[in-house]
Amino acid sequence: MAKAFIVKGKESRTEYGHPWIFKSDISHIDADIEPGDIVDVYSSKNKFLGRGFYNPKSQITIRMLTYEHEEINFEFLYNRINNAWNYRKQVADINSCRVIFAESDFLPALVVDKFSDILVVQTLALGIDRFKNDIVNILDEIIKPRGIYERNDVPVRLLEGLEMQKGFLKGSFDTLVEMTENGVKFLVDVENGQKTGFFLDQKENRAAIAPFVKNAKVLDCFTHTGSFALHAGLYGAKSVLGIDISEHAVKCATKNAEINGLDNVVKFQAANTFDILREYYDNNEIFDTIILDPPAFTKTKNAVQGAIRGYKEINLRAMKIIKSGGYLITCSCSQHVDSNLFMDILYDAAADAKKRVRVVEYRSQAKDHPVLLASPETEYLKCAILQVV
């Protein structure tokens, strides 16, 4: 097996367990190797550090699989997937959950989500994609789903030299799948919905809103297919309005309200959240509770300043239209906006809104999205529950 040697002084991150080795970290490779092959990783002093997938087309040139001398084969994959599934059975409601969270489950670039009895798979790097058939067979054997769907229509695959594609990997089924989360029914579009069709990482945060929405007038911004809004309705909100810029998302959300019998309480409107928050302030519209769950405002370090401005604006405007003593449930899934920066943004928004704000609870992603301690990139979701006075 070919050996990749790390530049002197850059070994520590790998030794401490970070799963990525960048192109600039590699001094040389001692043999011919093809993109997607497995390579042994060594320090500059010829100390074995582990092995991983190699792809010179990617800035993340090596993705570490193991720090031991072990074969990367069907048995290896079976054990990793089985361990991931056993963990979910211990900590999560497995009717709907993330089965495999890539690097956090020691299977880099592999994402598997479960919606009822359907699995959705993403193989986002060349190395893991080579094992796709084995992965599907293992998932089928361990979990025994009714069907498996591939959502590899993701631009990041192009950086790996892979094509974008989607389709059935096991069975043929209606790709509009009904699942249940915290007692709420959702129709998940596994073929055309965002990412794998639904954002499972907020499951525990959606359950946590119950005390703050009962008998409340609720505004849910960036509602997507209505996940927070419908939880608010289930938890006894007096009225809920969900806002999303996508007409398609609003139609899906409206259908979800209907199948839960909540369409008299939970309504949806296609609108730009930035515009609607200004309009409500101008019209003296007040809410008991506002939920902000926007998409990532930045996916690169270079765009962080713009993201800061966006997060500050929506939080400031929301704080201005919450009744005294009401609640703001505000989130960020931007990896490059860390927890400290997010809280600084909320502090600045509160100061400019001239509001006194208490932190009731600070939360992160659900337990089926575990954080790998050596990899800060695996911790991305922030959720603050604030009381605005």
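Which residues form one aromatic cluster? Phe222, Phe274, Phe297, Tyr311 and Phe342 do.

This is a predicted model: local features need pLDDT of at least 70, side-chain atom pairs count only at pLDDT 80 or more, and totals for chains, interfaces and linings use all residues. Residues are numbered from 1 along each chain as its sequence is written, and side-chain values use heavy atoms, with hydrogens and water left out.

## The six-stranded sheet

Six strands make up an open sheet with mixed pairing, in the order E2-E6-E5-E4-E1-E3. Strands are DSSP runs of E with at least two residues, helices are runs of H or I with at least four, and both are numbered from the N terminus. Two strands pair if DSSP finds at least two bridges between them. Strand E2 (20-22) and strand E3 (26-29) are the edges, each pairing on one side only. From one strand to the next, the twist averages 35°. Axes here are lines fitted to C-alpha atoms, for helices over the stretch in contact, and angles run from 0 to 180 degrees between N-to-C directions.

Inside this sheet, strand E4 (residues 38-42) and strand E5 (residues 48-54) are antiparallel partners over five bridges. Tyrosine 42 stands opposite phenylalanine 48 of E5.

The UniProt annotation "domain: PUA", from an unreviewed entry, covers residues 2-86. Such positions are given in the numbering used here, feature names are shortened, and annotations may be inferred rather than shown by experiment. Over residues 2-86 the chain is 20% helix and 35% strand. The end C-alpha atoms of that stretch are 34 Å apart.

## The five-stranded sheet

A five-strand open sheet runs E7-E8-E9-E10-E11, again with mixed pairing. Its edge strands are strand E7 (96-101) and strand E11 (165-170), and each pairs on one side only. Here the twist averages 20° from one strand to the next.

E7 runs antiparallel to strand E8 (residues 110-115), joined by five bridges. Arginine 98 has aspartate 113 in E8 as its bridge partner.

Two helices lie across this sheet. Helix H4 (residues 132-143) lies across E7, E8, strand E9 (118-123), strand E10 (147-152) and E11, at about 145° to E10. Contact means heavy atoms within 4.5 Å.

Two loops carry positive phi values. Alanine 102, in the loop between E7 and E8, has a positive phi of about 45° although it is not a glycine. Alanine 102 counts as buried because its relative accessible area is 8%. Buried means under 20% relative accessible area, exposed over 50%, and partly exposed in between (1.4 Å probe, protein chains only). Serine 116 sits in the loop between E8 and E9. Its phi is near 55°, a positive value in a residue other than glycine.

## Strand E17 and its partners

How many residues of strand E17 (residues 287-292) are buried? Six of its six are, and the strand is mostly covered. Strand E14 (residues 217-221) runs parallel to E17, with four bridges. Valine 218 stands opposite threonine 289 in E17. Strand E18 (residues 322-332) also runs parallel to E17, with five bridges. Leucine 292 has threonine 330 in E18 as its bridge partner.

## Aromatic pairs

The structure holds 16 aromatic pairs. Rings of Phe, Tyr and Trp (its six-membered ring) pair if their centres lie within 6.5 Å; planes under 30 degrees apart count as stacked, over 60 as edge-to-face and the rest as tilted. Two of the pairs are listed below.

| Pair | Centre to centre | Plane angle | Class |
|---|---|---|---|
| Phenylalanine 53 and phenylalanine 131 | 6.0 Å | 40° | tilted |
| Tyrosine 280 and phenylalanine 287 | 5.3 Å | 55° | tilted |

Phenylalanine 53 and phenylalanine 131 link distant parts of the chain, 78 residues apart. Phenylalanine 53 is in strand E5; phenylalanine 131 is in the loop between helix H3 (126-129) and H4. Both are buried. Tyrosine 280 is buried at a relative accessible area of 9%, and phenylalanine 287 is buried at 4%.

## Cysteines

A search of the whole structure finds zero disulfides. The criterion is a pair of cysteine sulfur atoms within 2.5 Å. For cysteine 252, the nearest cysteine sulfur is that of cysteine 221, 19 Å away. For cysteine 383, the nearest is that of cysteine 331, 3.8 Å away. Cysteine 383 counts as buried, because its relative accessibility is 0%.
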